[in-house]
Amino acid sequence: MEGIKNDKQLLVEKYHLKHENNAWYSERENSHKHLIFKDVFFERADIIGLLFRINKLCIAKVKYFRQNIEKFDPLKYDYRKGFVSVPLWDAEFLKHRASGWILDFRYLQTITVYDNFVCLCKEMEAFESKENENF
């Protein structure tokens, strides 16, 4: 078991985070080092919390996706294969199953007005309602 990495370790490796002074930092070439999260947050948070913190997504989005993650498929884009299914820690996109919409984390960052996010959620839920009516 010792050689098997958990999802949090894989996430840290993917984003090349550095551990220093009880915190995790992003330090990329040609950019300043900046704090991503402290050890306390890292230990307590689930993968959604960590992934959304790395992608600078607000708590409302964390809460919604945490409660509804089973309605989404985690994806990333491969230039040869297109969108491919991946474990949640490796996701760059979330595909809403009922609508087929693919949400990019960068797109979710652009939604800065809470009511606009609520509208998006309601639109997705409308697809879910239609899907449930068909059963």
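Helix axes here are lines fitted to C-alpha atoms over the stretch in contact, and the angles between them run from 0 to 180 degrees between N-to-C directions. The model is predicted, so local features need pLDDT of at least 70 and side-chain atom pairs count only at pLDDT 80 or more, while totals for chains, interfaces and linings use all residues. Residues are numbered from 1 along each chain as its sequence is written, and side-chain values use heavy atoms, leaving out hydrogens and water.

Two packed helices are described by the angle between their axes and the distance between the axes. The axes of helix α1 (residues 7-14) and helix α3 (residues 47-54) cross at roughly 10° and come within 10 Å. Helices (H or I, at least four residues) and strands (E, at least two) are DSSP runs, numbered from the N terminus. α1 and α3 are therefore roughly parallel to each other, a term for angles under 35 degrees.

On the α1 side, the contact (heavy atoms within 4.5 Å) involves Asp-7, Lys-8 and Leu-11, which meet Ile-47, Leu-50, Leu-51 and Ile-54 of α3. Five of the residues in this contact are nonpolar, two are charged and none is polar; Ala, Val, Leu, Ile, Met, Phe, Trp, Tyr, Cys and Pro count as nonpolar, Asp, Glu, Lys and Arg as charged, and the others, Gly among them, as polar.

Asn-22, in the loop between β1 (17-20) and β2 (23-26), is not a glycine, yet has a positive phi of about 60°. Asn-22 is exposed, with a relative accessible area of 55%; exposed means over 50% (1.4 Å probe, protein chains only). Lys-56 lies in the loop between α3 and α4 (59-68). Lys-56 is not a glycine either, and its phi is positive at about 55°. With a relative accessible area of 60%, Lys-56 is exposed.

Conventions: Angles under 35 degrees count as roughly parallel, over 145 as roughly antiparallel, 65 to 115 as roughly perpendicular and the rest as oblique. Buried means under 20% relative accessible area, exposed over 50%, partly exposed in between (1.4 Å probe, protein chains only).
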